[in-house]
Amino acid sequence: MNPDSWKAMTDIIKHNAPAINTTHSTDIHPCPAPFSQLYITPRTLLDLRFCSYHRPIHIHDQESFYEQCPESLKTFFLKNSELNQRRVAFLKGDYEKAGCQKGCFWYQEWKTTGKGFILDEYLDSDGNPYLKKLWLSIGPDCNATCRYCLDPSEFHINFNTCSPSVMKMAESFVENGGKILLTGGEPFLPKFKLLPALERLAKIDRHKIGHFDIHTNATLLDDKCIDTILRSPVKTINISMDTLRPDLFEYLRRGCKFDTVWGNTLSLVRERNARSLSYPSIVILCAVMRDTYDHLDETISKIVDQGLEISLNALSQNPQ
Ligand code: SF4
Ligand code: SF4
């Protein structure tokens with residue numbers, strides 16, 4: 001599909017597709033993902049898709065893909081025929097053919113409330129989809145083996161399959177104005193060279209580049225790391241903790257020391273406040289399960305007392 005025909009095609013679909021029901025207009029879509037983001041999981045092959053619900057599309061030669069970023073990303077996003085077929089199905093309201101799953105929060109919200117997104121706001125001045133955001137999941141390379149995540153006794157896990165070259169792609173994307181949600185595994189593992197990448201980006205005017213939101217277990221946030229984070233384009237640091245009860249924390253988050261993680265978290269807050277910075281936001285992530293639910297009020301109040309934000313995520317099963 002060439003870019004010149006893209007806008008014409010979306011106009012034809014918009015004007016000919018019937019409204020799906022009285023609450024749904026064909027101008028309102030469940031999410032903007034097919035027009036704005038890629039979910040990327042670099043493993044033995046490099047896998048790309050619009051969101052985690054979709055079937056991945058594989059890139060075999062990932063090293064040259066990283067070398068040619070951000071052009072290779074832009075070209076893939078605009079011209080990959082499988083992605084474009086899924087976009088067309090999505091625009092027509094054929095979400096099954098688009099690869100969407102019924103369990104998707106955005107799809108369910110759109111279906112039940114009719115609230116959604118207007119495509120035009122996600123097209124560039126030439127009327128083409130515009131890649132603004134990457135969700136980059138660089139697991140499973142981690143220095144912990146949490147019981148509900150990378151537990152080798154429960155799951156077959158291919159550790160250390162993520163190529164460190166992936167950080168070249170991340171750096172060039174942010175340098176060119178993109179936003180990245182970086183999740184692990186653990187992004188601050190030395191093998192990924194995230195700190196040198198942040199140091200280089202720290203030298204560029206913050207207003208001319210994009211930013212990172214980073215998920216971390218905070219085990220490696222020493223003074224040097226904290227200093228780099230506070231000078232670089234990091235908008236949010238999300239720290240996985242689940243509970244602030246030390247024994248339970250160390251049982252669930254096997255391989256993480258409570259005193260190290262909580263101490264590093266408080267150092268980051270202290271140093272950010274000492275420099276009078278309003279960024280990054282520091283958010284404690286709590287997986288809610290039977291073991292953490294029974295003292296959730298205690299966890300929330302300890303977190304809020306420190307001036308931290310909190311995000312709760314329900315886990316369907318309690319780890320054994
Ligand atoms: S599965 Fe959900 S998030 Fe993914 S493209 Fe479809 S509606 Fe959007
Ligand atoms: S620190 Fe995060 S990525 Fe690592 S094992 Fe725990 S939950 Fe999984």
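How do strand 2 and strand 3 pair, and over how many bridges? Strand 2 (residues 37–42) and strand 3 (residues 46–49) pair in the antiparallel sense, over four bridges. Two strands count as paired if DSSP finds at least two bridges between them.

This is a predicted model: local features need pLDDT of at least 70, side-chain atom pairs count only at pLDDT 80 or more, and totals for chains, interfaces and linings use all residues. Residues are numbered from 1 along each chain as its sequence is written, while chains are lettered from A and ligands numbered from 1 in the order in which they are written.

**Overall build**
- The protein chain holds 14 helices and 11 strands. Both are DSSP runs numbered from the N terminus: helices are H or I with at least four residues, strands are E with at least two.
- Of the 320 residues in the protein chain, 32% are buried. Buried means that 20 or more other C-beta atoms lie within 10 Å of the residue's own, with C-beta atoms placed from the backbone.
- Take the contacts in the protein chain with a separation of 6 or more: residues 24 or more positions apart account for 72% of them. A contact needs C-beta atoms, placed from the backbone, within 7 Å.

**Strands 2, 3 and 4**
- A hairpin of three residues links strand 2 to strand 3.
- I40 stands opposite L48 of strand 3.
- Strand 3 also joins strand 4 (residues 57–59) through three bridges, and the two run antiparallel.
- D47 has H58 in strand 4 as its bridge partner.

**Ligand 1**
- The residues around ligand 1 are P30, C31, A33, P34, F50, C51, Y53, C100, Q101, C104, W106 and Y107. A residue counts as near if its C-beta atom, placed from the backbone, lies within 6 Å.
- Helix 2 (33–36) and helix 7 (105–113) are the elements that give two or more residues to this shell.
- The shell has 11 nonpolar residues, one polar and no charged. Nonpolar covers Ala, Val, Leu, Ile, Met, Phe, Trp, Tyr, Cys and Pro; charged covers Asp, Glu, Lys and Arg; the others, Gly among them, are polar.

**Ligand 2**
- Ligand 2 is surrounded by 13 residues, and the closest are C142, C146, C149, L150 and N217.
- Its shell has five nonpolar, six polar and two charged residues.

**Helix 8**
- Helix 8 (residues 166–175) is mostly covered, with seven of its 10 residues buried.
- Those buried are V166, M167, M169, A170, E171, F173 and V174.

Notes. Buried ≥ 20, exposed ≤ 12 C-beta atoms within 10 Å, placed from the backbone. Contact = placed C-beta atoms within 7 Å.
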